[in-house]
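Please look over the model below. My notes follow as numbered points.

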Amino acid sequence: MAVDTEVPASLIGLAQRYGVASEYTDWTGRPFAVPASTLIAVLDAVGVAAATEQDRAASLAEYDRDHWARPLPPSIVGRTGVTTPFWVHVTHGDPARLWLRLEDGSVRTGIRQLENNRPPFDLDGRLVGEASFELPADLPIGYHRLHLQVGSSDVSTVVIVSPSSLERSARIGSGRSWGLATQLYSVRSRNSWGVGDLTDLTDLAVWSAARHGAGFVLVNPLHAAAPIAPMEPSPYLPTSRRFVNPMYLRVEAVPEFAYVRHRGRIRKAQSQVQNRAARAGRIDRDGAWRAKRAALETVYRIELSAGREVAYQAFREREGRELEDFATWCALAEHCGADWHQWPEELQHPRGAAVAAFVDEHESEVDFHRWLQWLVDEQLSSAQDAAVRAGMELGIMHDLAVGVDPDGADAWALQDVLALGVTAGAPPDEFNQLGQDWSQPPWRPDRLADAAYAPFRSLVSAVLRHAGGVRIDHIIGLFRLWWIPKGALPTEGTYVRYDHEAMIGIVALEAHRAGAVVVGEDLGTVEPWVRDYLRDRGLFGTSILWFESDHGGDGAPLPAERWRQYCLSAVTTHDLPPTAGYLAGEHVRLRDELGLLTRPADEELAGDRAHQQAWMAELRRVGLLEDGVDDVDEVVLALHRYLGRTPSRLLAMSLADAVGEVRTQNQPGTTDEYPNWRVPLADPQGRQVLLEDIFTDSRAATLCQAMRAAVEPRV
C-alpha cells in the first residue's frame with residue numbers, strides 16, 4: 001500500500017506507538033491511508049499533542065521518558081503452561097531482587113533472568129538499565145503480584161495468568177446445545193409490568209428446557225439505563241454495563257413484598273400498566289418504570305429481617321466502591337439530570353468533596369439504588385438456578401455490550417480510563433455501507449493498562465456471576481476498535497489497537513472461574529488471524545446463516561459441512577428482521593425508506609432476491625425443501641433444520657422466529673427514525689404475543705422441536 005505522502009513520518013511513528021492505525025484495509029479489500037487530521041484528533045483523545053512537528057517531537061520524547069521511568073510494566077499478562085518474559089528498569093548497575101506473591105498468599109522466588117544487551121537510557125542525567133526476566137510456566141491462573149526490590153525500595157505490579165485455552169466442554173461435554181435468543185423487554189407475560197422481566201426469563205428458560213431440551217437462553221444486555229425519563233431504549237447504549245436495569249425486577253418476587261400492608265394497590269398499579277401495554281403498539285419503558293418504581297419504593301420501606309440485612313450488607317461489601325459510585329450517580333441524576341456533563345462542576349467527578357456531601361445529605365436515596373441492585377442480583381441468581389435445575393447445560397447466556405452512554409454512570413465513574421474526545425463505531429461494511437457511530441466513549445488502552453485492567457476485570461466478572469455463558473458484542477473491539485473523532489462521520493475514523501492478550505486473557509480467566517462459555521460476536525470486518533486466535537483460546541465465534549457465503553468461490557451459500565465447529569450459529573440476529581421479515585425483503589425496504597442504501601433500491605432488492613434464491617437452492621440440494629414449496633413457515637423451518645447439518649456446537653433460534661414475528665427490533669444507523677428496541681413481540685398479523693401464549697403455540701413448538709432434533713446425536 002502506498003503511504004499518503006501528506007502524512008508526516010513523525011505523525012505515523014507517533015500513531016504507531018499508541019496503537020493508532022495510519023493505514024488499514026477496508027471491507028472490499030482495498031487499502032486506505034488515514035488522513036493526518038484523523039490521526040491528530042485520535043491522538044488528542046489520549047492526551048497526546050500531535051498537530052505540529054514540535055508537538056510530535058515533544059510527545060515522542062515524553063513517551064520514551066515515561067517508558068524508561070517505569071521500574072516494571074503496568075501489568076504482566078501470561079498464560080498457563082508457557083513462560084512469560086518481561087522487563088525491569090533500574091539505575092544502571094544496581095542489583096534487582098524479584099519475587100512473586102500469588103493470589104493464595106504464597107510466595108515464589110527464583111525468577112529466571114534472560115540476556116538483554118539493550119544500552120542504558122539517559123533519564124535526566126540518570127542512566128537507566130533494562131534487564132529481562134521470565135515468569136515460570138507453572139504459575140496457577142489468577143491475579144498475582146510481582147515485587148521488585150532495589151535497596152530499601154519496593155515496587156510491584158499485577159501479574160495476570162489466564163488459561164492457555166478455555167475448556168469449551170466444561171458444560172456441554174462433547175455434544176451440542178441449542179437455545180432461544182430473546183429480547184427480554186419485548187416478552188411480556190400476564191403478570192409482568194408492561195415489559196418482560198426476570199421472572200419471565202426464568203419461566204422461558206424452564207419451559208424451553210423442560211419441554212424442548214434447550215440448553216440456554218441468550219438474552220439481550222440487561223445493563224442499567226438511567227433511572228429517569230426518557231429511559232434509553234437501546235440495551236446496547238446503557239448508562240452502566242457493570243450494573244443491571246432494575247426495570248427487569250418482578251416486584252412480587254421480592255421477599256419483603258409479602259409484608260406490604262396494602263398489596264392490593266400495587267397489584268392495581270400492575271394491572272393498569274399491563275392494560276396500557278396491551279393497547280399500545282410500542283413498549284413504554286417510562287410508564288412501566290414509573291409504576292414499578294413507586295411499588296418498589298413501598299417495598300423498600302419494609303424493614304429487612306436480621307438474616308436479610310446480613311445478606312444485604314455482604315452484597316454491599318462485595319460490590320464496594322463501584323456500587324457506591326453507581327448508586328450515587330443514579331441519585332444525582334434524579335436531582336440534576338442524566339447528563340453529568342451538565343451538572344455543577346463540583347459534582348462532575350465522583351471523588352469530589354461535593355459528591356461526598358451529597359451522599360451524606362441524600363443517604364436514603366442513594367441506598368434505594370444500592371438496594372435495587374441487590375434485588376436484581378438475587379433474581380438473576382434465581383433465574384440461573386432454575387434454568388440449570390430444569391436441565392439446561394448452560395442456563396442464562398448474558399450479552400455484554402460494546403460500551404456505554406457518554407453521559408451516563410460508567411462514563412462519570414470511569415472518566416479517567418475512557419477516551420471522551422472520540423466515539424466508538426464501525427467502518428462501512430456490506431450491510432452498513434455508511435459505517436456506524438455508536439456514540440460511546442472507548443476505553444483508553446494506556447489508562448486501562450495503567451489500572452492493571454481492573455475496571456475491565458470487574459465488568460467481566462460481574463456479567464458472568466449468574467451465567468452459564470456470555471456473548472460479547474463486537475468482540476473484535478478487544479483487539480482493535482474503530483474510533484471516530486467528535487463531529488466526524490463514521491467513515492472518517494481509524495482503528496486503535498488494544499492488548500488483546502490481556503483483554504481476551506481476562507475474559508478466559510473469569511469464564512474459567514465461572515464455568516462458563518464465551519461467544520464472541522465476530523461478524524463484520526475481521527482480520528483473518530483473529531478468528532484463529534479466538535478458536536485457539538477456546539472462545540466460540542458467531543455465524544449468521546445469511547452472511548455465510550463461499551467467498552473463495554462465487555459467493556454462493558457456504559455448505560453446512562464447512563461451517564465452523566466452535567461457534568454459535570443462527571439464522572438471523574437482532575440487527576436484521578426476523579426470518580419471515582427477511583424473506584419478505586423487509587431489511588431492504590426499511591433501509592431504502594430511511595435513506596441508508598448506497599445503491600438504488602431496485603439493485604439492492606435484485607441482489608437480495610438472488611441471494612435468497614441461492615439459499616433456497618441450497619435447501620433443496622440437501623433435501624430440506626421440496627421443489628415449488630415457498631410457504632414462509634416451511635422455509636423458516638427448513639432454514640433452522642439446516643443449522644443442524646452444520647458442525648456448530650451451539651445453535652440459537654430467535655424467539656421472534658418462533659412466533660412468526662416480521663418486524664425488526666433494531667435498524668442500525670438509526671435512532672428515532674425507527675422505533676428501535678421498542679417493538680413488543682407479535683405474531684405475523686402484528687398481534688401482541690404473551691409469554692403464556694408461546695407455551696401453547698404450535699409454530700413455536702414445531703421450531704423448538706426441530707432445534708432439539710438438530711443437536712441430538714445422529715444415529
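**Notes on the predicted model**

1. Y24, F32, W482 and Y495 make up one aromatic cluster. Rings of Phe, Tyr and Trp (its six-membered ring) pair if their centres lie within 6.5 Å; planes under 30 degrees apart are stacked, over 60 edge-to-face, and the rest tilted. This is a predicted model, in which local features need pLDDT of at least 70 and side-chain atom pairs count only at pLDDT 80 or more, while totals for chains, interfaces and linings use all residues. Residues are numbered from 1 along each chain as its sequence is written, and side-chain values use heavy atoms, with hydrogens and water left out.

2. How many aromatic pairs does the rule give? The count is 23. One of them joins Y24 and Y495, edge-to-face, with 5.6 Å centre to centre and 90° between the planes. Y24 belongs to strand β1 (residues 23–25) and Y495 to strand β21 (residues 494–497), so this pair ties together parts 471 residues apart in sequence. Helices (H or I, at least four residues) and strands (E, at least two) are DSSP runs, numbered from the N terminus. Y24 and Y495 are both buried. Buried means under 20% relative accessible area, exposed over 50%, and partly exposed in between (1.4 Å probe, protein chains only).

3. F86 and F133 form a stacked pair, because their ring centres are 6.0 Å apart and their planes stand at 20°. F86 lies in strand β4 (residues 84–91) and F133 in strand β9 (residues 126–135), so the pair ties together parts 47 residues apart in sequence. F86 counts as buried because its relative accessibility is 6%. F133, at 6% relative accessibility, counts as buried too.

4. T84 is in strand β4 as well. T84 is buried, with a relative accessible area of 9%. Leaving aside neighbours within four places in sequence, T84 is in contact (heavy atoms within 4.5 Å) with I76, V77, G78, R79, F133, E134 and L135.

5. A UniProt annotation from an unreviewed entry, "domain: MalQ N-terminal beta-sandwich", covers residues 72–163. UniProt positions are given in the numbering used here, feature names are shortened, and annotations may be inferred rather than shown by experiment. In the model, that span is 0% helix and 60% strand. Its end C-alpha atoms lie 23 Å apart.

6. Two arginines sit over tyrosine rings. The criterion is NZ of Lys or CZ of Arg within 6 Å of the ring centre and within 35 degrees of the ring normal. R285 lies over the face of Y185, 4.5 Å from the ring centre. The charged end of R457 is over the ring of Y143, 4.1 Å from its centre.

7. R285 is also one of the buried residues of α7. Others include W289, K292, R293 and L296. Which helices do its buried residues pack against? They are α6 (263–279), α8 (306–336) and α10 (363–389). At the start of α7, a side-chain oxygen of D284 comes within 3.4 Å of the backbone nitrogen of D286.

8. T664 is in the loop between α20 (655–659) and α21 (691–695). T664 is buried, with a relative accessible area of 1%. The T664 side chain reaches the backbone oxygen of N666 at 3.1 Å. Beyond its neighbours within four places in sequence, T664 contacts residues including H574, D575, L590 and Y674.

Notes. Polar contact = N/O pair within 3.5 Å; in protein donor to acceptor, adjacent residues only side chain to side chain.
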